[in-house]
Amino acid sequence: MKTEKTTLKAVSKSLYKENKKRNYLIIFSTAVIITLLFSITSVFLGRINMEYLLGVREKGSTANVSLSHPTKKQLESIEQLPYIEYVGKETNLDTISDNASQDIISLVSTDKQTFNKVFLPAFSNFVGDLPKNSSDIIMSKKALELIGINEPHLGDELAISLKNNGASKFKLSGYYDDYVAKSTDLPKAFTSSNSVGKNVFKENVNLSRLLIIQQSLDSNTQIEKKIYDDIETVDDTQQFVVENSKNFEAISKSIGGYSVGIGMILLIFMCSFLFIYNIFYISHQKDINRLGTLKSVGATKKQINKIQAKQIYRMLFWGTIWGLILSLLINFVLIPQLLDRIYVTNYGTANTMIAFNPVVLVACLSISLLFVLFSSKAVNFKMQTMNTTSAISYTSTNKVRKNKKFTVLSYSINNVLRNKKQLIFTSLSLILGFSSILVSFVIFSGLDMTHSIDKENSDFKIVAGLPPVIQSDGIISDRRAHEPLDSEMVNKIKALNGVEKANITFATYSIVNYKNPALEPVVKMNHRHHEYSSNDLANDFMTSITIADENYLKKLELFLKENKMTDEYDIKNFKNGNSVFILHKNEFSPEMIENSKKLIGENITFQNLDRKEVGTLEFGGYLNRDSKKFPEINSTFISSGEPYFIISEQGFSKLKLEKEIWQLRLESNSTFDSDIKKELTTIIESRNANLTDFEQIVLVAKTDIKKAAKNYVGSIRTVSITLGIILTMFGLFNYINVFISNFFSRIKEFQILKKIGMTNKQLETMLIFEGLILSTIISTGLIIVSNIMIKIVANYLQESVDYFKYSFPTTLLVLIIACCYSICLIIPKISLRYFRKKH
């Protein structure tokens, strides 16, 4: 038994040494595949984690579904839904006011589990403990600054003015950094859930909101449909506010969506498998001949399997070692070094994007090793089905086509076509590998953050100040001094050198009575979401009316047609100036929207700010501006809970109102951007000199937005370029690998050709012709396949990501084809130099 074991070991070692060139290729190829899979998965998971964290921090919580004023039955039912991961609870207790009685902080209570699961992941640098009783409070450093505390200490006593409960004292039990923009929402302060019912709050407080985290990978529209089907609402005003989960958004930003991600993973897996399989298949003739010889001298099937297994395990061992070394060097030295100096706002240093994940590493190792084992087993299986004589005399080539006249070119064509199965596998491997590079380029370049900035912003935007408001006593506040942009200033700006196009938004303010039937949904929504009673509302709404120009009317009509809404919303009547639409941002439940359609045709009477009637128009319906692909109107300020009207030019002419210039958007020649910005700053500063903060004109420059996003964009581009280089190197190495494997498997053939009179020059020419023929086949297939794949991916991304910008990678395609032809000229020369030295 010991003798047999020693003999098998010696035979295995001898065969390994005899075929060492092929084995070195497999070792290196295994290492490359491990590195490729681990690098791609690590970087993409890191990118997704970064996008997720940025999204959660920007929102202030991990919840993507909320329900206001829930019942106990609803809570219990939602907790049982299979697509829901967690249901948190939040109670609004009061708001903290500043010295001017302005609301500055929202005071809420929640339980420990909700805080840890829903809120804590959105914060950083948390110090202290959660509130244990009604006198404890925790809040962010930004919130503490609002009440005059710049250097907080645990145990500090805070004197706070509560809107509904007057002056109160709390003890600071914790603080943290938060990242929610002030313009998005009031910062939160948390006190104990035991506070509910305590005497610090004068009125009984009920559960205000459920904060729900979905478990499934569904989009917001899918979740919304499911949850409305499964959970009965209290009335038509109760609404589930559903957003895409931050995981869903992170994957969409990173690679365009789950479908694209899964498709790319499968493509890379297929390329990796074919990469290894090619080496075994190209060299399988020698393996079968050797194993056939062993069979002829009496080796059993079990012994042959052991001999082959020892060789494979040795290759796997060294391939794994080198794969680990390369993976660690690229993922934890090269990429972090590239990202080390890039700081991403609300995230930190970009090099932390790449984090070691042992599960990912083990998975990549396992997949790579399975590819190698499966490829080797395919050769062994073929040998086991042959008899000894067939195995010894086996040749991998098919019958060579006869040519009446021998030429090097005709012989080269025969060599390429003589093994059609090998040609198919080789071509498929290379075409799919190179196509994955081109598709990756389209995804990375098309999802670049700058496209989103370009789509959402003009080169320069000048916006008028905030609108006047009506208080609960019906008096228009002192913000009535609101100043629109004047024509003289606009003409001066339009005349600036470098300004190519100016888009003006005309609008005005009006007053409508909230008892108008068409406004019933708005009133109902205010009663529920803002917890108003009838007495809290003014009798009138201060409304904005924006004039939709011809360009916007075309976009709106197209949107209604594509969504099959023209039967319900009469766009012709709107364009003719007989009706108005009211915009909302997903503020009504589906039932309310359906009920509101019954109100279409009701008359709405408009008043000017002096409360004089200026005209009456029909109500055309409510349109959700948060709908997918809804054309964004150039608005200035849309307040939640107030109707926002859009009207055609013809409709506005029927109202006795003066239109104002609310917004000016400029498109410019980029070479003049800095000069234009200086001129605009001077003009606007001069105009703002005598205006209050509310009245001041605001300048927004696209260059400033891009500058703020520079580090984020830079980190993503660095990672994308690095991954692109890795994929390209993988594809080219696969191509080189085909030539080298093919060369070493044909050494005996070359020796015979030399003996029958083929010169070195003819041999080199033959190999070059073979390479040129293969390169032509690959290039033709690449152009066809990559175009099909890119078109499918681009169409999907254009439909699912509104800012995706398609650009075909012509330069990269030409570069890849050029590299292929260059390699087929260079490798034969290098290989034949080796052949002449050895033989």
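**Exercise 1. Determine whether Lys561 is buried or exposed, and describe its salt bridge.**

Lys561 is exposed, because its relative accessible area is 51%. The classes are buried (under 20% relative accessible area), exposed (over 50%) and partly exposed in between, with a 1.4 Å probe and protein chains only. This is a predicted model, in which local features need pLDDT of at least 70 and side-chain atom pairs count only at pLDDT 80 or more, while totals for chains, interfaces and linings use all residues. Residues are numbered from 1 along each chain as its sequence is written, and side-chain values use heavy atoms, with hydrogens and water left out.

The next step is the partner. The side chain of Lys561 meets that of Glu557 in a salt bridge at 3.7 Å, N to O; a salt bridge is a side-chain nitrogen of Lys or Arg within 4 Å of a carboxyl oxygen of Asp or Glu. Both residues belong to helix 18 (residues 550–562), four residues apart, about one turn of the helix. Helices (H or I, at least four residues) and strands (E, at least two) are DSSP runs, numbered from the N terminus. Glu557 counts as buried because its relative accessibility is 16%.

**Exercise 2. Identify which residues form salt bridges with Lys524, and locate them.**

Step 1: one partner is Asp236, with the closest N and O atoms 3.2 Å apart. This pair links distant parts of the chain, since Lys524 is in helix 17 (residues 520–529) and Asp236 is in the loop between helix 6 (220–230) and strand 10 (240–242), 288 residues apart.

Step 2: Glu520 also forms a salt bridge with Lys524, the closest N and O atoms being 3.5 Å apart. Here both residues lie in helix 17, four residues apart, about one turn of the helix.

Step 3: assign the accessibility classes. Lys524 is partly exposed because its relative accessibility is 29%. Asp236, at 15%, is therefore buried, whereas Glu520, at 38%, is partly exposed.

Step 4: for the whole model, the count comes to 28 salt bridges.

**Exercise 3. State how many disulfides the model has, and examine Cys819.**

A disulfide is here a pair of cysteine sulfur atoms within 2.5 Å. By this rule, the count is zero. Cys819 is in no disulfide; its nearest cysteine sulfur belongs to Cys820 and is 7.1 Å away. Cys819 is partly exposed because its relative accessibility is 24%. Cys271, by contrast, has a relative accessible area of 2% and is therefore buried.

**Exercise 4. Describe the surroundings of Thr505.**

Thr505 lies in strand 14 (residues 499–513). At 6% relative accessibility, Thr505 therefore counts as buried. A contact means heavy atoms within 4.5 Å. Leaving aside residues up to four places away in sequence, Thr505 touches Thr546, Asn634, Glu660, Ile661, Trp662 and Gln663.

**Exercise 5. Find what covers the buried residues of helix 15.**

Helix 15 covers residues 449–456, and its buried residues are Thr450, His451, Ser452 and Ile453. Their cover includes helix 14 (420–446), helix 23 (702–708) and helix 24 (710–745).

**Exercise 6. Summarise the protein chain and the confidence of its prediction.**

The chain contains 27 helices and 21 strands. Of its 839 residues, 51% count as buried. The mean pLDDT is 82, and 84% of the residues reach 70 or more; pLDDT is the predictor's confidence in each residue, from 0 to 100. Over residues 196–204 the pLDDT is below 50, and this stretch has 16 contacts in the model beyond near neighbours in sequence.
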